[in-house]
Amino acid sequence: MTHTLHRSGTPESLQDDFPWLMYWSRGINDVDIRRKCLEIIEAAQAVGCENWGDTKAGSVLARPAEEIKRDLTDRSRVRGVFTSKQQVVEFLRILKEKDLGMSVIISGLLEDVLDACRQAGVTPHTINFSLGVWGKKELLPPEDVLEITTMCGHHMISSALVEKLVSDIRRGKTTPRRAALRCARLCPCGVFNHLRAERLFAQMAEKTSPPVKQGT
Amino acid sequence: MATVVLERCTGCNICIPYCPVGAISADERKVSIDRRVCTECGVCYRNPVCPKHAILPGPYETFGDTFKHVLSDPTETVEATGITGRGTEECKTNDVTGRYPRHRVGFTIDMGRPGIGVYLRDVETVARAVVAAGLELEPPHRNPLASIFDNLQDPRLKEGLADVHLLSIIIEGTCRVEDVGAVLKALQEVQHQIDTVFSVGMVLRVDPSGYHPALEELVRHGIPKPMRGKVNVGLGRPLVDA
């Protein structure tokens, strides 16, 4: 699963976008998982993580946090998204201290993630480097649409929906925030960055709005 | 393929823009789902999209139906690997599994991504190209891709799977460091032979600064320095190198 790796966007657009994952491996470090998930969620919440979840139990933007925690099991793998490098640093410091023995993965701009590792005193072990999109790229939607849809790497958010929501914002039927939350609820993992999406929706609606005629 | 319960559908068309692959269309006063295109990802029926709950999952009548559903619906678990999503741990547990050792280079070729979808015939085309260039595909207990081929050294689809349409599937494997250039060249060539897109990841067991000599091959092939990555920060225990 590489669903947090290939997010679209410029470095400026991606500077507040750091998905995180907690993993265990069968037969190696698969004991007492539910308790460890809860400890990791606690650490994420302590540093201000606003979206997190579990693919089976859902995301905190779609369900109450207590219900998700109740539904976690010893087979769960929790994940979420941070919106600043400082959150990543603090999260890693806490997890290093807790020493839960779970694999932890941070996606994002490499320069920032590696710097966060240095600040937190953890050592990068393995990196999956994104080499981008190849093939028949003329099939892809516009780049600004991709910036939103690729925040759910399982592609639960369609380009048609993003375009409809932009149109709805322009017509005053919804707001950038509500559009972002609508998309976030389709992503069951909790890695969709709704704060970045809200900003992108606002930019798209502004950019694609027909010019207002003077004197009307 | 997801099924529309015609007695419940009011033809409001709310569901149409939600489908990631555009498989739902208006059909007179109801909607219909194109069975060839639907990936059974579940967006239309798992979320409260239809106010009348007129879209139901399945039926899953063949291996291809089940395979596309499990791979496209992230809430499902791939039985053989125990992993949700596309069913592989890839680098995420490499600190405890050692699946990608320092002397090998990994590739994750995310077929159909982002958001276009992929027919398995295109997966076969790319898999054959990279295997010929030296990539060794991951076995079935690590990646579900292996279950659609009889022979991972000579990957040809099992009968009846060519037209199965998924949201995405990951061709995953490792090669020798000296074969990285051949694999990249194969990808650069095969990208023009398929009707979809793929996203490429190169997995490296890096030094503490995040470096691995295989990154130099990217320069030689005109591939820009990677800006984004997914970093396993080495907190898993027992650490495989310890």
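Q: Which residues does Val126(B) touch, leaving out those up to four places away in sequence?
A: Val126(B) touches Ile109(B), Met111(B), Ile171(B), Val190(B), Ile194(B) and Phe198(B). Two residues are in contact here if their C-beta atoms, placed from the backbone, lie within 7 Å.

Q: What kind of model is this, and how are residues numbered?
A: This is a predicted model, in which local features need pLDDT of at least 70 and side-chain atom pairs count only at pLDDT 80 or more, while totals for chains, interfaces and linings use all residues. Residues are numbered from 1 along each chain as its sequence is written, and chains are lettered from A and ligands numbered from 1 in the order in which they are written.

Q: Back to Val126(B). Which residues have the most contacts inside the largest nonpolar core?
A: Val126(B) is one of them, together with Cys44(B) and Val130(B), in a core of 145 residues. A nonpolar core is a set of buried Ala, Val, Leu, Ile, Met, Phe, Trp, Tyr and Cys residues joined through C-beta atoms within 7 Å. Buried means that 20 or more other C-beta atoms lie within 10 Å of a residue's own, exposed means 12 or fewer, and partly exposed is in between, with C-beta atoms placed from the backbone.

Q: Which helix gives the most to this core?
A: Helix α4 (residues 120-132) of chain B does, with 7 residues. Helices (H or I, at least four residues) and strands (E, at least two) are DSSP runs, numbered from the N terminus.

Q: Why is β11(B) largely enclosed by the rest of the structure?
A: Because 7 of its 8 residues are buried.

Q: How many bridges join β11(B) to β9(B)?
A: There are 2 bridges, and the two strands run antiparallel; β11 covers residues 169-176 of chain B. Leu137(B) has Gly173(B) as its bridge partner in β11(B), and Glu136(B) stands opposite Thr174(B).

Q: In what order do the strands form the sheet?
A: The open sheet has 11 strands, in the order β3(A)-β2(A)-β4(A)-β1(A)-β5(A)-β13(B)-β6(A)-β12(B)-β7(B)-β11(B)-β9(B), with antiparallel pairing. Its edge strands are β3 of chain A and β9 (136-137) of chain B, each of which pairs on one side only.

Q: How many bridges join β5 of chain A to β13(B)?
A: There are 5 bridges between them; β5 of chain A spans residues 103-109, and the two strands run antiparallel. One bridge pair is Ser107(A) with Lys230(B) in β13(B).

Q: How many residues does the contact take from chain B and from chain A?
A: Chain B gives 65 residues and chain A gives 66. On the chain B side, β6 (83-84), α3 (94-97), β7 (104-111), β12 (197-205) and β13 each supply at least two residues. β12(B) gives the most to that side, with 9 residues.

Q: How does the chain B side divide by class?
A: That side has 31 nonpolar, 22 polar and 12 charged residues. Ala, Val, Leu, Ile, Met, Phe, Trp, Tyr, Cys and Pro count as nonpolar, Asp, Glu, Lys and Arg as charged, and the others, Gly among them, as polar.

Q: New topic. What does the domain assignment of chain A give?
A: It gives domain 1 (13-120) and domain 2 (139-208); the bounds come from an automatic or database domain assignment. The C-alpha centres of these two domains of chain A lie 23 Å apart. Their contact takes 18 residues from domain 1 and 14 residues from domain 2. The domain 1 side divides into 6 nonpolar, 8 polar and 4 charged residues.

Q: Which peptide bond to Pro59(B) is cis?
A: The one from Gly58(B), with omega near 5 degrees. Pro59(B) is in the loop between β4 (55-56) and α2 (63-72) of chain B. Another cis peptide bond joins Arg237(B) and Pro238(B), with omega about 0 degrees. Pro238(B) is in the segment after β13 (228-232) of chain B.

Q: What is the phi of Asp32(A)?
A: Asp32(A) has a positive phi of about 60 degrees, although it is not a glycine. Asp32(A) is in the loop between β1 (18-23) and α2 (33-46) of chain A, and it counts as partly exposed, with 13 C-beta neighbours inside 10 Å.

Q: And is Glu28(B) buried or exposed?
A: Glu28(B) counts as exposed, with 7 C-beta neighbours inside 10 Å. Its phi is also positive, near 55 degrees, and it is found in the loop between β2 (24-27) and β3 (30-33) of chain B.

Key
Pairing = 2+ DSSP bridges.
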